[in-house]
Amino acid sequence: MPKIRNAAIHGYGVYIPMFRIKGAELAKVWGKNASDLPVKEKAVAGLDEDTVTMAVEASKYALKRAGVDASSISAVHVGTESKPYAVKPSGTLVAEILGTSRKTTSADLEFACKAGTEAVQFITALVEAGRIDYGLAIGADTAQGRPGDALEYTAASGAAALVIGPAKNDCVAKFDYSVSFVTDTPDFWRRSYERYPVHASRFTGEPAYFHHTISAVNTILSENGYSVNDIDYFVFHQPNVKFPLAVAKVLSIPTSKVVPGLVADMVGNTYAACSMVALAKILDIASPGQRILATSYGSGAGSDSFVLTVCDGILEKRNRAPTYTELLSRRKEIDYSTYLKYRDKIRM
Amino acid sequence: MKPLTSRPPFYWRLRPFIYRLEGSRCSVCGHFHPLNRVVCRRCGSRTLERERLNNAGRLVNYTVVHQAQEGFEKTTPYLVGWVEMDDGTNLVGQLTDCDPQDLKVGMTIEMVVRKLRVDGDSNLIVYGVKFRPLVQR
């Protein structure tokens, strides 16, 4: 599979909205048992937040870490399934608010929860080809779950952004390999004009999440001569906490290499941002020379997998912007009725 | 109450200031003006340079709005703050991600871009500057 020869993360940023709703609050409303919930709580975007505003916040932190002026950015690609407009790019809004170069390629990418890493595939390719110096790959979502549906416990809001440029000594982490693995698998979808997605319940597990995630990981490891022992941290997409841990069990990955990258228990499933937020959490703690394997999953279905090596620049750059933990500590709990108002579920 | 415009060109022209706090600074007296200006409003000089304000400032005072202007009804009650930016420029704007009990006069605030309102007829989303207490490091 493709070796990435000259593309690296120069800066990364996460944004987690400050509002949280506990799984127990949702369970109380719908008469469910609160002892077996998929996540403890989830992040909820405020009334004045959407995919664009969250993408901007994450991108500002990423640019700050990278030490790159916004005017040097020549590509802004936003992966999301909650575009504020059905027709009108979010990427141009993000680019305009940040003040990037006018000579910028921009697009909104849709591939359910792997749209963010699809943006990473695009930007790394543009950098490697020498078409751009720096680009922004963003995953952002204000995920929606139908009231009372199982998805409502996890569908959360958040964003993550990576400033990607040529591999230099002062970069945060360089990309080594990538792989994409896709099939047509109808496990989760939303038709035009529909407000909420539909999912195929248990079918979202074995033939969907597990098949694609495990196939991508096995491919990138075996084709490039790596074993589980060569990787220091594994990052997975997290529709809940159980799924990534189940993947670790199947692949005989020690949980100590997976648990540091878990974010869903406290943030929920931020869809296109999820695996990128988890990668950022690992970058907050990783040391130069350590190897990370990050794998997304998007319904429909497919997985992107990347092998990255952490570089010396991480030590100085990680402290230039708020970390995952610092953003997580900015927290205000809301009740279900406030949640309905904030997520525009009350229509008059 | 004066109705707000939903004309896209109006907001399109405001982009540099309401997205990035960009404006013109007078090279003679130092006064900052939103957007492009040819003549300084304070001293009449014609020597102005494009500048982007720093993102941070301090809270001078604030109030809670319960009777909202058209277009802001869904967000009441909301906070409006008077903010002195690092360069001394005074701005007034909505405060977000906070309640009155979180605010202290003199505290450090930062600029963020949020949804200001959604036009009722065209559904155009208007984004612009708001302020919030600085995210602590």
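# Briefing on a predicted two-chain model

Chain A is divided into domain 1 (8-168) and domain 2 (173-315), with bounds that come from an automatic or database domain assignment. This is a predicted model, in which local features need pLDDT of at least 70, side-chain atom pairs count only at pLDDT 80 or more, and totals for chains, interfaces and linings use all residues. Residues are numbered from 1 along each chain as its sequence is written, while chains are lettered from A and ligands numbered from 1 in the order in which they are written.

## Domains of chain A

- The centres of domain 1 of chain A and domain 2 of chain A, taken over C-alpha atoms, are separated by 16 Å.
- Domain 1 of chain A brings 41 residues to the contact and domain 2 of chain A brings 38 residues; two residues are in contact if their C-beta atoms, placed from the backbone, lie within 7 Å.
- On the side of domain 1 of chain A that touches domain 2 of chain A, two or more residues each come from β1 (8-15), β3 (41-44), α4, β6 (134-142) and β7 (157-165) of chain A. Helices (H or I, at least four residues) and strands (E, at least two) are DSSP runs, numbered from the N terminus.
- The largest share of that side of domain 1 of chain A, six residues, is supplied by α4(A).
- By class, that side of domain 1 of chain A holds 21 nonpolar, twelve polar and eight charged residues. Ala, Val, Leu, Ile, Met, Phe, Trp, Tyr, Cys and Pro count as nonpolar, Asp, Glu, Lys and Arg as charged, and the others, Gly among them, as polar.

## Buried helices of chain A

- Helix α4 (residues 115-128) of chain A has 14 residues and reaches 20 Å from its first C-alpha to its last, close to the 20 Å expected at 1.5 Å a residue. The expected span is 1.5 Å times one less than the number of residues in the helix.
- Eleven of the 14 residues of α4(A) are buried, so this helix is largely enclosed by the rest of the structure. A residue is buried if 20 or more other C-beta atoms lie within 10 Å of its own, exposed if 12 or fewer, and partly exposed in between, with C-beta atoms placed from the backbone.
- The buried residues of α4(A) include Ala115(A), Glu118(A), Val120(A), Ile123(A) and Leu126(A).
- Just after α4(A), Gly130(A) adopts a positive phi of about 80°.
- In helix α8 (residues 274-283) of chain A, ten of the ten residues are buried, so α8 is largely enclosed by the rest of the structure. Among them are Cys274(A), Met276(A), Lys281(A) and Leu283(A).

## Contact between chains A and B

- Chain A contributes 18 residues to the contact and chain B contributes 17 residues.
- On the side of chain A that touches chain B, α2 (51-66) and α3 (90-98) of chain A are the elements that give two or more residues.
- The most residues on that side come from α2(A), which gives four.
- That side of chain A comprises eight nonpolar, three polar and seven charged residues.

## Overall features of chain B

- Chain B has one helix and eight strands, in the order α-β-β-β-β-β-β-β-β along the sequence.
- The C-alpha trace of chain B spans about 45 × 40 × 30 Å along its principal axes.
- Of the 137 residues in chain B, 23% are buried.
- Among contacts in chain B with a separation of 6 or more, 47% are between residues 24 or more positions apart.
- Cys43(B) lies in the loop between β2 (32-34) and β3 (48-52) of chain B and is exposed, with 12 other C-beta atoms within 10 Å.
- Beyond its neighbours within four places in sequence, Cys43(B) is in contact with Cys26(B), Val28(B) and Cys29(B).

## Backbone geometry

- Most residues other than glycine have a negative phi, and most peptide bonds are trans.
- Tyr271(A), which is not a glycine, has a positive phi of about 50°. Tyr271(A) is in the loop between α7 (264-267) and α8 of chain A and counts as buried, with 33 C-beta neighbours inside 10 Å.
- Leu21(B) has a positive phi near 55°. Leu21(B) is placed in the loop between α1 (8-20) and β1 (22-26) of chain B and is buried, with 20 other C-beta atoms within 10 Å.
- Gly300(A) and Ala301(A) are joined by a cis peptide bond with omega of about 10°; Ala301(A) lies in strand β13 (residues 300-310) of chain A.
- Thr76(B) and Pro77(B) are also joined by a cis peptide bond, with omega of about -10°; Pro77(B) is in the loop between β4 (56-65) and β5 (78-85) of chain B.
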